[in-house]
Amino acid sequence: MRSIMLILADLIQAITNERPAWATQAIKGAVVDSRQSTPGTLFIALPGEHVDGHDFVRDAFELGANYALVQRDMQLDFPKLDLRKGLPSGDDFAHTTPLIILVDDSLAALQEVARFWRRKLDLRVIGITGSVGKSTTKEVVASVLNQKYATLKNVGNLNNEIGLPLTILHLNEKHQCAVLEMGLYVPGEIAFLSEIAQPHVGVITNVGVVHAERAGSQEEIAGGKAELVQALPASPEGVAILNYDDPWVLAMAEKTKARVFFYGLSEKADLWADNVEGLGLEGIRLCLHYGKEKLFLKVPLIGRHSVHTVLRAVAVGLVENLTWQEIINGLRAGNMQLRLVAVRSKSGALLLDDTYNASPQSMMAALNLLDEMSGRKVAVLGDMLELGQYEQAGHQKIGLRVAEVADLLVTVGELGKIIAHAARSADLPEEQIIILENSDQAIAYLENRLHEDDIALIKGSRGMRMDRIVTSLEAQR
C-alpha cells in the first residue's frame, strides 16, 4: 500500500492550489492550543475573544511544533513563508523548521486543508448529530466499529468548525473509519461541516431545544440537524440512521437521497428494542429485534434512555457489515467515555455526577435513572441555560418530574426557582425543597446533610459550575 501521510505540500496545495516538490516534510497532526504541541505538529494561531493564538507561536515551537499557521505579521525571529503573496519560486524553505506560514485567514486555511486531506483518504465516515446523546453515541459507535476497522473519532467535544477539521488532520492511511460528532449552534453549520467531512452514514439522535437561544425554534433546530442527511450520498452508498421515536427525526426520511434505516422502540422500525430494564449502575437489559433475529443483551450503559444509544451503535454496526459478535463486543468494551459517573461522597452517599451540561431531555433522563435507584433520592439541579423560548416550560417540566422522583430537591440559580415552584405545585412538600443561589451555597448546605444511603443526582448547565459541588463533596481517593 502506498503510504499516505499529511505533508507540507498538502497544506500548501490546499491553500494556493500549487504543489511544491520540495515540501515533503510530514505534519504529525494539528493543534490550536500551543500547550498540546508535540514534535512535528502544526500549530494554528486563531484570534479569540479573550486569547489570541498568535501570542503563543514561540511556545508552540519550543514544544516541538514544526509549523505555525498565522494570519498576521509576526515580529518573531523565525523563517516566514508568506502564502498571501503566492508560492515563491525555488526551494528556500525545504526542510526549514520551525516555519511561520502566513495566510489571509488561519481558520479558513485550517478548514481548506482538512477539506483537501479528507478527499485524499479512502475511508468510511460516520457523522453524528442531535440535541442530546451525540457524544455518548459517538463513543459507543466508535467502540463497535473498532472491533473490525481502525477507527478515529473526535476527541472530547471537538465537534465544531475548529474541532472537526483538527480531527480530520489526524487521519492517515491506516484508518478505515472516522466517527465524527457534529454540533449545531446556528443553521447552516452542519451543512458546512458535512461539506468538509463528506460522511457516508448520518446518525440523528433526536431534536430538542438545546442552544435554542442561538439556533432558534425547535423547527429551525430540526432543519439544522437535517442538513446531515441532506449531505449524504444517494443509496446504496449513503445511509441515514434515523430515530423512529422522534417525530422531528422521523420526518427527515423525506429529506435524504440516502437509504433510510430506522431505529426505535416501535416494531415499525428496522431495528427495535423491547423489554428494556434499568439495572441502575449495572447498566440496562433489553431485547433487540432485527428482521427475524431476536437478541437478548445486557449492556453497561447507565439509564433506560441508553437503549437508544445501543440501537444507534448496533444500527451503524449492521450497516457497516459487522457480525453480531463484533457488535456485542463493542457494546461491552467498557472503555467508553460516558458523561455520567458515580462517585462516593465523604459521608458515603452515592453522587451521580452528570454536570457536563443540561437540557430538558438529558435532565429528564437523569431523573429517570435516579428513579431506578434505591435509597433516599436527592436531586441537586441547576439552571438549564440557552433554552430561549423554551426556558419556562423546560424548567417546569423538570419540576413536575422531580416531585415524582425525589425525596429532597436542591435548586441552584435563578431558573432553578422555576423547577422548585413546579415541584411544589406537584405536591412535593415545602420542607423538602431548598432554593439556593449558587454552587457555593449548595456545597455548604449539602456538606453535612448527605448520608450513606443517599443517592444524589447533581446536574445543571456548564455555566452553573455544578462540577464544583461534586469536587467538594467527593471523598478523597
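I started with helix α6 and listed what its buried residues pack against: α3 (106–120), β6 (124–129), α5 (163–168), β8 (177–181) and α8 (218–230). I note here that the model is a predicted one.

Which residues of α6 are buried? For this helix, residues 189–197, I found E189, I190, L193, S194, I196 and A197. I then looked down the axis of α6: the buried residues fall within an arc of 160 degrees, so they line one face of the helix. I set this beside the general rule that an α-helix has 3.6 residues a turn, so residues three or four places apart point the same way. After the helix comes Q198, and I read its phi as positive, near 55 degrees.

Next I looked up the nonpolar cores. The largest has 62 residues, and L11, I12, I101 and I168 have the most contacts inside it. I also found a second, separate core of 39 residues, with I126, V201, I327 and L331 among its members. As a general matter, nonpolar side chains tend to be buried together in soluble globular proteins.

I took I168 for a closer look. Leaving out residues up to four places away in sequence, I168 touches A114, W117, R118, L180, I196 and A197. Of these partners, I196 and A197 were already on my list of buried α6 residues.

Then I turned to the sheet. In what order do its strands lie? I wrote down β7-β8-β6-β9-β10-β11-β12-β13-β14, an open sheet of 9 strands with mixed pairing. At the edges I found β7 (151–153) and β14 (293–299), each of which pairs on one side only. From one strand to the next the twist averages 20 degrees.

Strands β12 (residues 271–278) and β13 (residues 284–290) run antiparallel and are joined by 6 bridges. E277 stands opposite R285 in β13. I also looked for a helix on the sheet: α4 (residues 134–145) packs there, touching β6, β7 and β8. The direction of α4 makes about 170 degrees with that of β8.

Last, I went through the cysteines. How many disulfides are there? With sulfur atoms required to lie within 2.5 Å, I count 0 disulfides. I looked up the burial of two cysteines as well. C177 is buried at a relative accessible area of 1%, and C287 counts as buried at 0% relative accessibility.

Note on methods
Residues are numbered from 1 along each chain as its sequence is written. This is a predicted model: local features need pLDDT of at least 70, side-chain atom pairs count only at pLDDT 80 or more; totals for chains, interfaces and linings use all residues. Side-chain values use heavy atoms; hydrogens and water are left out. A nonpolar core is a set of buried Ala, Val, Leu, Ile, Met, Phe, Trp, Tyr and Cys residues joined through side-chain atoms within 4.5 Å. Buried means under 20% relative accessible area, exposed over 50%, partly exposed in between (1.4 Å probe, protein chains only). Contact means heavy atoms within 4.5 Å. Helices (H or I, at least four residues) and strands (E, at least two) are DSSP runs, numbered from the N terminus. The arc is that of the directions from the helix axis to the C-beta atoms. Two strands pair if DSSP finds at least two bridges between them. Axes are lines fitted to C-alpha atoms, for helices over the stretch in contact, and angles run from 0 to 180 degrees between N-to-C directions.
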